[in-house]
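The sequence and structure are shown first.

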Amino acid sequence: MENFLLLGICFGLGLFFRRLPQFPETTPKVLNGFILFISLPSLVLYHVHELKVDTTSLLPSSMPWVVFGIALVFFLGLYKLKFLKFHTAVCLVLTAGLGNTSFVGFPLLETYLGKTSLGYGILADQLGTFMVLSFPGIILASIAMDGKWDFSTLVKRVLGFAPIYALFVAIVTRQFPYPEAFKLVLLRLGDTLTPLALVSVGYMLDMRTIAGHGKVLALGLGFKLVLAPIFVYWMYSPLKEDSLLFQTIVLESAMAPMVTSTVITIEKNISPHLASLMLGIGIPISFGTTYVLNFLLKGNYI
């Protein structure tokens, strides 16, 4: 409950701050800069360093790669067919193709499946969602930002993504334990990611823009909350005998759009209003859709 309360308060603060002169239009840019250069690298340094990896981890961690790949083909295919503009398609890939597998995902998993499901959830988040965002995700965002494929520019964009350096350091230092004080500092700094990101998105969220994005918003959320879980259910159905693993993978695929990918989409000015709507509306709707999905999974209706 405290996570959901935090979510509501931070969104509300973002909406409220828009009305105050003390918070200028550049407020989201400042908040997003802190998130991308301090909060997210801190979380990467801590969680990747501490993560236990084995062959079992390949199953839950593969799901975000699969969903992102489907989203890439689906939305860019609609762009090729001239149903979507390029920036709109990329925005939907980055928001509907990446799920909120941690902040929203973890508490929902614990509620629906119990604490034992969190191990699989962490693997899906750290080796799946975050890795997808760090490599194909940031590459796609950089291409959309520059409007063309230029290898040297692309390398500079990727290397300018601070969490990449944090990921490298975390992997190189895995054999060396972090001092407890340093781990505590990393966790405290990492804890700022979600509240700052939600305030930033709340500030950007303008419900008046729904009229101009209604059909595309429905398409993106329909893919993320309905179509993606259906495909994942079908693809991972051979795992049904391990019910906890199977249900965790399916439920994680049904989570709302990822906070960090939304922040990056907004920061790079890739249909920012649509991105904020995908997150701001997608999260509350996902509470209902995941509840129904969990009911169907537990009752063996699907």
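## The largest pocket

The largest pocket has a volume of about 740 Å³. The model is a predicted one. The lining of this pocket is made up of 28 residues, and those nearest the pocket centre are Leu 43, His 47, Ser 102, Phe 103 and Phe 106. By class, 15 of the lining residues are nonpolar, 11 are polar and two are charged.

Several helices each give at least two residues to the lining: H1 (2–17), H2 (27–50), H5 (105–113), H6 (118–146), H9 (180–190), H10 (193–204) and H13 (259–267). Helix H6 provides the largest share, six residues.

## Aromatic pairs

There are nine aromatic pairs in the structure. One of them joins Phe 74 and Phe 75 in an edge-to-face arrangement, with 5.0 Å from centre to centre and 70 degrees between the planes. Phe 75 is buried, at a relative accessible area of 0%, whereas Phe 74 is partly exposed, at 30%.

Phe 74 also pairs with Phe 223; this pair is stacked because the ring planes lie at 15 degrees, with the centres 5.5 Å apart. Phe 74 belongs to helix H3 (residues 58–80) and Phe 223 to helix H11 (residues 210–235), so their pair ties together parts 149 residues apart in sequence. Phe 223 has a relative accessible area of 4% and therefore counts as buried.

## A ring cluster

Phe 16, Phe 17 and Phe 23 are linked into a cluster by ring pairs.

Definitions and conventions: Residues are numbered from 1 along each chain as its sequence is written. This is a predicted model: local features need pLDDT of at least 70, side-chain atom pairs count only at pLDDT 80 or more; totals for chains, interfaces and linings use all residues. Side-chain values use heavy atoms; hydrogens and water are left out. On a 1 Å grid over the protein atoms alone, a cavity is a set of points where a 1.4 Å probe fits but cannot get out, and a pocket is an open set with protein on both sides within 12 Å along at least five of seven lines; lining residues have an atom within 4 Å of a point. Grid points are joined across faces, edges and corners, and a volume is the space filled by probe spheres set on the points. Helices (H or I, at least four residues) and strands (E, at least two) are DSSP runs, numbered from the N terminus. Ala, Val, Leu, Ile, Met, Phe, Trp, Tyr, Cys and Pro count as nonpolar, Asp, Glu, Lys and Arg as charged, and the others, Gly among them, as polar. Rings of Phe, Tyr and Trp (its six-membered ring) pair if their centres lie within 6.5 Å; planes under 30 degrees apart count as stacked, over 60 as edge-to-face and the rest as tilted. Buried means under 20% relative accessible area, exposed over 50%, partly exposed in between (1.4 Å probe, protein chains only).
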